[in-house]
Amino acid sequence: MIKIKHLSKSYGDLTVLKDINAEIHKGEIITIIGPSGTGKSTLLRCLNLLEKPSGGSIYINNIDLLAKTTNVPKIRQKMGMVFQSFNLYAHLSVLENLTIGPVKLLGKSKSEAGSKAFELLKLVGLAEKANNFPDELSGGQKQRVAIARCLAMEPEVILFDEPTSALDPTTVSEVLAVIRRLAKDGMTMLVVTHEMEFARNISTRVFYMDEGVIYEDGPPEQIFDNPQKEKTSSFINRVRSYHYHIDSPNYDLYAMNAEIETFCNKHFLPRRVCDNVLLLVEEVLLLQTDFSDIELRLAYSEKTGQVEFLCVAAGAPVNPLEASVHDDDIGLKLIQSRSAGIQYKYENDKNILSINVKGASH
Ligand code: ADP
Ligand code: MG
């Protein structure tokens, strides 16, 4: 359906896409992963001709996209695009957002476009919002409207560019569920995403992009469980970590909490995981007696989704897991309720408490 040959794209001296080659078949669901800045968005934008490639060729159903004779608007209509930032028309109702394209570009009658639009809103669960305006909707609802609007143009392929990155974590899953539904219905899709679990479950193939090329291309089992190339492996297995050092009982709790929240948001951790982390940190600190040297560490594995919280406190051995240490054991109970595993050891004059945060693994 889509053939990409030696596609390249440079901005001035900066070569973003070096040599992209791929064949995409009808019904395939391809997720594109990779570090930021590796040209994932640029690739989608080149496919949709929002950017002009610097070299190479793209064929859609054997039509050369870059040939001068090619009807660009027609081709572009076959490739729907869903952006991170929705791009809805703010001054039009939800229904009008869906009908404007089909009426103006596909030559449909208003009533035909309207009934189709209503059907699509039902599909994405938003029929009751047909007469609302975009700013009355949540981010997740806006993105579902954007997907319905894209479907209204009857595309053969949909390109998603990080469709959930701008969303409040609570609305991510409603958008992923709609994309899953389209996948089930056989829509051909290319999805750039940071949601590793989603990518693993939905994809027929995964492209790992790096160094301006599709560095590794394979089924999700290969990319996630048995990557063949070193960079893919280090990307998949990378652990993101955060440290905070405390050297007095007067440490700044609010600043620390804000940094932890930023860390969680940056790595798209679900809200409940972030809440568990914050509560664990707070309760673990309440159990400390010596604040002269405490190192807090969070380690998040993108592959497993696990978050480990480590508290390394200098001083005499005090096992916080022994109830006798405390006046009451409410703190300990709270810690246990948010943990999927706790270990304590004393090593090199330090109390080391390691907690596997609950709700964090895939
Ligand atoms: P990704 O989506 O993988 O994060 P992008 O495709 O957005 O990466 O960007 C790849 C590189 O191209 C980045 O270094 C970015 O700064 C650069 N880039 C993207 N768009 C433009 C542009 N219009 N002009 C100049 N540089 C750009
Ligand atoms: Mg991008």
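I began at L182 and listed its partners, leaving aside neighbours within four places in sequence: in this predicted model, L182 is in contact with L123, I147, L151, I158, F160, M187 and M189.

I then looked up the set to which L182 belongs, and found the largest nonpolar core, which has 35 residues and in which L121, I147, I158, F160, I179, L182 and M189 touch the most other members. At least two residues of this core come from each of α3 (94-105), α4 (110-123), α5 (139-152), β7 (157-161), α6 (169-184), β8 (188-192) and α7 (196-202). Another core lies apart from it and holds 31 residues, among them Y244, I246, L278 and I294.

Next I turned to E302, which I found in the loop between β12 (294-301) and β13 (307-314). With a relative accessible area of 11%, E302 falls under the 20% cut-off and therefore counts as buried. I also noted that its side chain is joined to that of R238 by a polar contact of 2.9 Å.

An N or O atom in the side chain of S41 is 2.8 Å from an oxygen atom of ligand 1, while a backbone N or O atom of G39 lies 3.0 Å from an oxygen atom of the ligand. For ligand 1 taken alone I noted 560 Å² exposed, of which the protein buries 59%.

Notes. Residues are numbered from 1 along each chain as its sequence is written. Chains are lettered from A and ligands numbered from 1 in the order in which they are written. This is a predicted model: local features need pLDDT of at least 70, side-chain atom pairs count only at pLDDT 80 or more; totals for chains, interfaces and linings use all residues. Side-chain values use heavy atoms; hydrogens and water are left out. A nonpolar core is a set of buried Ala, Val, Leu, Ile, Met, Phe, Trp, Tyr and Cys residues joined through side-chain atoms within 4.5 Å. Buried means under 20% relative accessible area, exposed over 50%, partly exposed in between (1.4 Å probe, protein chains only). Helices (H or I, at least four residues) and strands (E, at least two) are DSSP runs, numbered from the N terminus. Contact means heavy atoms within 4.5 Å. A polar contact is a pair of N or O atoms within 3.5 Å; within protein, one must be able to donate a hydrogen and the other to accept it, and residues adjacent in sequence count only if both atoms are side-chain atoms. Accessible areas come from the Shrake-Rupley method with a 1.4 Å probe; for residues, only the protein chains shown count as cover.
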